[in-house]
Amino acid sequence: MGKVTGFLEIDRRDRRYAPASDRIRHYKEFLIPLSEEATKDQAARCMNCGIPYCHTGCPVNNQIPDWNDLVYRSDWEEASRNLHSTNNFPEFTGRVCPAPCEASCTLNLSDNPVTIKTIECAIVDRAWANGWLRPEIPEVKTGRKIAIVGSGPAGLACAQQLARAGHDAHVFEKNAKPGGLLRYGIPDFKMEKHLIDRRIDQMQAEGVSFHVSVNVGVDIAATSLLEDFDAVVLAGGAEKPRDLPVPGRDLSGVHFAMEFLPQQNRRIGREPIHTNEPILASAKHVVVIGGGDTGSDCIGTSIRQGALSVTQLEILPQPPEKENKLLTWPNWPLKLRTSSSQEEGAKREFSVLTKELRGKDGAVKALVCVRLDDNLKEIPGSAFEIKADLVLLAMGFVAPVHDGLLDSLGVAFDARGNVAADQQGYATSVARVFACGDMRRGQSLVVWAIREGRQTARAVDAFLMGSSLLPR
Ligand SMILES: Cc1cc2nc3c(=O)[nH]c(=O)nc-3n(C[C@H](O)[C@H](O)[C@H](O)COP(=O)(O)OP(=O)(O)OC[C@H]3O[C@@H](n4cnc5c(N)ncnc54)[C@H](O)[C@@H]3O)c2cc1C
Ligand code: SF4
């Protein structure tokens, strides 16, 4: 354990954001890291609980008390080794994970959990800066070839684990660069993309081959993968967005979040955006429908593009400011959270249902909405209009796209339309085909995708070799 009395003596302190007035002028990350001393102090607050609930709160089961103790004792290199034993990409989770581990930290019962995510990020950033993260090239090759479709966090984690076990891992990606939603969904101001490039370099040195701009099921037959490879892993994400079937949906200026966000990420990454009609929020009244992470990303991007106003609508009632810890701990509680993007100047409205989109000359001009009571029933006479030149639909994702890849392979789906596979073997209904990440579990988190990629790699390794030394 770090400092025995640390949690009694030291208050929680976390990374701060650069002021909103500065950060909205650019698309770079704006989290200000803690100093080395402050990070060690924060690690010293860990109580090394007899039952570390943070282990199970973290989907990759990071051994949090162990690396907190190593950081407190300044053994950063061993802390990095420990952290990487459970998480392939802690620099991603250290930036974008919502940190369910902190909700389950015992110190959270008094509202001041250990700053686990910040310490995780400090360990991995220091490891890269000091050159401790080198390619882990296998000594023996197995001669087995595996195709991984999709290069989001699930596909990347799976490919890295398989390559380290000596297999030939081939990642197929329909976009021009690998990374999935890490690269094209999550804005640069939350996670800069050179962090992905660095990992891709490491993975290539470990023997992973990337085949980009290949849409499997369209550019090449999905079934050809079964002929050319010993196993196929489906890690294509859950890309079918939830639509808003109301009058006026077909007006111009109404777009899915994932039509809008990738354009900005591509501009920053100097990639062509492949359209004559760029979607820009500049000088527009923007309404974002959907109160989640994707909605927040639309807000931050719209504000940086120079929107006149940004309003975010959520259909559910406003959650409580504080949860009842004795009822919710160690689980992830429902409570009011304010993202950095929301802080930058969005107006938030809860319990609002959009009934219609109105336009002029084919372009959206306003939303007609009604207010809902706590049972989601419309309040009579509550109809109102909101001015809008750009409407962004960020209401989540329904399931993976079935056309092409999935339908041609003939895999079975679960009741929600995700690829059916359990969390032990990750095997689909088609022999030698496995599935992981959002494609299997539905829309989720980066950390869950990493977990599933790792576990699928183990399942595939065991399937091909009879047993596996890869960790689950
Ligand atoms: C805008 C946005 C912001 C988010 N922010 C956060 C956040 O802050 N924190 C967090 O934890 N989670 C966040 N998420 C969720 C998170 O990004 C996903 O849960 C995670 O990326 C899923 O990983 P994955 O590897 O399963 O799929 P994805 O990241 O979706 O990757 C799938 C990849 O497969 C490729 N692909 C699909 N079909 C084919 C095909 N037929 N051939 C070739 N390639 C194919 C796709 O192009 C894509 O690159 C966010 C999601 C969105 C949309
Ligand atoms: S990956 Fe997420 S849940 Fe796990 S330790 Fe890091 S921040 Fe916490």
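**The second largest pocket**

Guide: The lining of this second largest pocket takes at least three residues from each of domain 2 (145-239 + 399-465) and domain 3 (243-395), with bounds that come from an automatic or database domain assignment. Quick ground rules: this is a predicted model, where local features need pLDDT of at least 70, side-chain atom pairs count only at pLDDT 80 or more, and totals for chains, interfaces and linings use all residues. Residues are numbered from 1 along each chain as its sequence is written, chains are lettered from A and ligands numbered from 1 in written order, and side-chain values use heavy atoms, with hydrogens and water left out.

A pocket here is an open set of points on a 1 Å grid over the protein atoms alone, where a 1.4 Å probe fits, with protein on both sides within 12 Å along at least five of seven lines; lining residues have an atom within 4 Å of a point. This one holds about 400 Å³ of space, the volume being what probe spheres set on the points fill, with points joined across faces, edges and corners. It has 24 lining residues, and Glu259, Gln263, Thr275, Glu277 and Ile279 are the closest to its centre. Helix α14 (residues 257-268) contributes the most to the lining, 5 residues; helices are DSSP runs (H or I, at least four residues), numbered from the N terminus. Sorted by class, the lining splits into 9 nonpolar, 8 polar and 7 charged residues, where Asp, Glu, Lys and Arg count as charged, Ala, Val, Leu, Ile, Met, Phe, Trp, Tyr, Cys and Pro as nonpolar, and the others, Gly among them, as polar.

Stepping back, the domain assignment also gives domain 1 (6-129). The C-alpha centres of domain 1 and domain 3 are 31 Å apart, and their contact (heavy atoms within 4.5 Å) takes 18 residues from domain 1 and 18 residues from domain 3.

Definitions and conventions: Helix = DSSP H or I, 4+ residues; strand = E, 2+ residues; numbered from the N terminus.
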